[in-house]
Amino acid sequence: MRPPRTFLRPLAVGAPAPVTEIPVKPSRMIHFFDPSNEKMAAKVPDIAAKVDIILGNLEDAIKTEMKEAARQGLVDIAKKTDFGETQLWTRVNSLDSPWVLDDLTTLVTEIGDKLDVIMVPKVEGAQDIHYVDRLLAQLEARAGLDRPILVHAILETAQGMVNVEEIAGASPRMQGLSLGPADLAASRRMKTTRVGGGHPGYLVRTDPVSDDLTEGRTTAQQDLWHYTIARMVDACAAHDILPFYGPFGDIKDVVACEDQFRNAYLLGCVGAWSLHPVQIDIAKKVFSPDPADVAHAKRVVEAMGDGSGAVMIDGKMEDDASCKQCLVMLDLAKALAE
Ligand code: GLV
Ligand code: MG
């Protein structure tokens with residue numbers, strides 16, 4: 001987890017404090033709900049108690065004729081709900097849509113004191129973040145908010161991927177990035193038709209064990225998103241913000257969902273989106289360090305003393321670099337325990 005961040009400049013003329021500490025909170029899952037769906041909205045207080053982040057979705061998956069109802073629904077829910085330690089986020093409509101200006105204006109004015117992060121979809125470059133940053137600064141100043149609302153960008157176009165580094169560093173408001181595999185697949189003209197996860201055709205075969213090429217081969221499905229996640233993780237680490245895997249649309253396939261989440265966790269992501277309550281528990285399990293890994297990390301850190309030199313533990317050489325990896329594990333365990 002990253003250390004508290006520091007704003008080095010006022011966010012708006014007249015902003016109360018030029019330096020603002022942003023605490024890092026557990027962020028293992030971003031749980032999506034549709035604020036225009038009354039049944040779902042009624043469950044928000046219960047769900048909020050179980051998740052690290054709850055997000056009122058205004059973008060894709062909300063029908064055109066329900067866009068305003070979703071925005072107003074989110075305002076109503078936010079006003080009457082105590083979210084406790086759970087973060088409240090929203091995903092606004094894309095910057096080229098007819099709804100986003102009202103999304104931002106209404107939400108910051110009405111519930112800006114409750115909103116932690118605004119997720120911006122289909123971000124293509126730093127200019128998109130600069131636009132949102134300036135608008136938020138103006139709206140926050142007008143609403144008299146004393147806490148900056150952070151920004152999270154979804155990487156879901158080829159252009160956004162090409163510009164991932166400048167997006168990650170575009171503003172001190174940047175909280176993190178998510179991979180949006182469904183839109184990204186379309187933008188890249190991949191030949192998938194699903195929301196995240198693998199594809200049964202994307203395989204590698206092992207070498208045959210005999211000259212008969214049909215014999216003795218096994219296959220393993222590859223992670224379609226490995227390259228993208230790794231690029232996103234590097235950009236986030238370089239700019240001290242948090243990377244997330246996005247949605248996994250096959251709700252029934254809990255095994256593949258867990259595999260995809262775990263691949264993302266091992267590559268450096270702190271969390272993933274959950275689209276259904278069943279995915280909340282998967283994310284909690286996957287993005288919390290395994291107690292055996294934590295115990296091992298403790299042994300290594302203790303054995304390394306001041307961190308210099310090398311030690312042998314269970315026949316394996318450990319040094320400064322493995323000690324640093326162990327500290328990452330221990331930091332995460334500590335942050336989640338607090
Ligand atoms: C998410 O928005 C995606 O497109 O995968
Ligand atoms: Mg999308």
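## Confidence of the model

Over residues 1-22, pLDDT stays under 50, and the model has 35 contacts beyond four places in sequence for this segment. Where pLDDT is low, the predicted coordinates should not be read in detail. The structure is a predicted model.

For the chain as a whole, the mean pLDDT is 92, with 93% of the residues reaching 70 or more. The complex receives from the predictor a pTM of 0.92 and an ipTM of 0.99.

## Surroundings of ligand 1

The residues around ligand 1 are Asp60, Ile154, Glu156, Gly180, Pro181, Ala182, Asp183, Val195, Gly246 and Pro247. Helix 8, which spans residues 181-188, supplies the largest share of this shell, with 3 residues.

Sorted by class, the shell around ligand 1 consists of 5 nonpolar, 3 charged and 2 polar residues. Among the residues that surround the ligand are Asp60, Glu156 and Asp183, as well as Gly180 and Gly246.

## Nonpolar cores

The largest nonpolar core contains 71 residues, of which Val120, Ala153, Leu155, Phe261 and Ala272 touch the most other members. Strand 7 (residues 150-155) contributes the largest share of this core, namely 5 residues.

Leaving aside residues up to four places away in sequence, Val120 touches Val92, Asp128, Val132, Val151, Ala153 and Ile154.

Terms used
Residues are numbered from 1 along each chain as its sequence is written. Chains are lettered from A and ligands numbered from 1 in the order in which they are written. This is a predicted model: local features need pLDDT of at least 70, side-chain atom pairs count only at pLDDT 80 or more; totals for chains, interfaces and linings use all residues. A residue is near a molecule or strand if its C-beta atom, placed from the backbone, lies within 6 Å of it. Helices (H or I, at least four residues) and strands (E, at least two) are DSSP runs, numbered from the N terminus. Ala, Val, Leu, Ile, Met, Phe, Trp, Tyr, Cys and Pro count as nonpolar, Asp, Glu, Lys and Arg as charged, and the others, Gly among them, as polar. A nonpolar core is a set of buried Ala, Val, Leu, Ile, Met, Phe, Trp, Tyr and Cys residues joined through C-beta atoms within 7 Å. A residue is buried if 20 or more other C-beta atoms lie within 10 Å of its own, exposed if 12 or fewer, and partly exposed in between; C-beta atoms are placed from the backbone. Two residues are in contact if their C-beta atoms, placed from the backbone, lie within 7 Å. pLDDT is the predictor's confidence in each residue, from 0 to 100.
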